[in-house]
Amino acid sequence: MTEQQSTREESLRSLGALVSDISQDLSTLVRQEVALAKAEAKESATRAGKGAGMLAGAGVAGQLALVFLSVAVWWGLGNAIGRGWSGLVVAVIWAVIAAVLAAVGRGQLKQAPGLPRTTDTVKDIPDALKGHQTP
């Protein structure tokens, strides 16, 4: 074997070793990134769960406050117009509030754009996989 062939084989081996090292390093990097993403997602989900629990508690407390306020209004009006009529007045007030909230909420839902960009890009996936991606 000549010196030139020996040098060439060493450079090929070193190139193969470099590719192998890069492949292993890339695999390690991907595994570490996935582990980091899992840890961050778990921490974020834990904080979001605690926040959602606190908001639920606030919602219950707010509902109880509205119930007691409604009872106080009903009782106060009852002194002037009678308990039956005051109960009806409070119920009608809450029915009007519910109707207004439902109408506004329905209008907001109709205005929600959805996911237009995602829908467009998802439609392009089959063509992109076939190599016929449209611009």
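Is Ser 70 buried or exposed, and what is its relative accessible area? Ser 70 is buried, with a relative accessible area of 14%, where buried means under 20% relative accessible area, exposed means over 50%, and partly exposed lies in between, all with a 1.4 Å probe and counting protein chains only.

Before I go on, a word on the model. This is a predicted model, in which local features need pLDDT of at least 70 and side-chain atom pairs count only at pLDDT 80 or more, while totals for chains, interfaces and linings use all residues. Residues are numbered from 1 along each chain as its sequence is written, and side-chain values use heavy atoms, with hydrogens and water left out.

As for confidence, pLDDT is the predictor's confidence in each residue, on a scale from 0 to 100. The chain has a mean pLDDT of 82, and 79% of its residues reach 70 or more. Confidence is highest in helix H2, at a mean of 90, and lowest in helix H3 (residues 116-130), at a mean of 68.

Now the overall layout. The chain has three helices and zero strands, where helices (H or I, at least four residues) and strands (E, at least two) are DSSP runs, numbered from the N terminus. Of the 135 residues of the chain, 3% count as buried. The chain exposes about 11,500 Å², of which carbon and sulfur atoms supply 67%; such areas come from the Shrake-Rupley method with a 1.4 Å probe, and for residues only the protein chains shown count as cover.

Let me return to the serine we began with. Ser 70 lies in helix H1, and, leaving aside residues up to four places away in sequence, Ser 70 touches Val 90 and Trp 94, a contact being heavy atoms within 4.5 Å. Another serine, Ser 86, has its place in helix H2 (residues 83-111), and Ser 86 is buried, with a relative accessible area of 0%. Again not counting residues up to four places away in sequence, Ser 86 touches Trp 74, Leu 77, Gly 78 and Ile 81.

Trp 74 leads us to the aromatic rings. Rings of Phe, Tyr and Trp (its six-membered ring) pair if their centres lie within 6.5 Å, and planes under 30 degrees apart count as stacked, over 60 as edge-to-face and the rest as tilted. By this rule there is one aromatic pair. Trp 74 and Trp 75 form that pair, which is edge-to-face, at 5.9 Å centre to centre and with 75 degrees between the planes. Trp 74 is partly exposed at 29% relative accessibility, and Trp 75 is partly exposed at 47%. The charged end of Arg 83 sits over the ring of Trp 75, 3.8 Å from its centre; the rule asks for NZ of Lys or CZ of Arg within 6 Å of the ring centre and within 35 degrees of the ring normal.

Finally, the charged side chains. A salt bridge is a side-chain nitrogen of Lys or Arg within 4 Å of a carboxyl oxygen of Asp or Glu, and by this rule the count is one. Glu 43 forms a salt bridge with Arg 47, their closest N and O atoms being 3.3 Å apart. Because Glu 43 and Arg 47 are four residues apart in helix H1 (residues 3-81), they are separated by about one helical turn.
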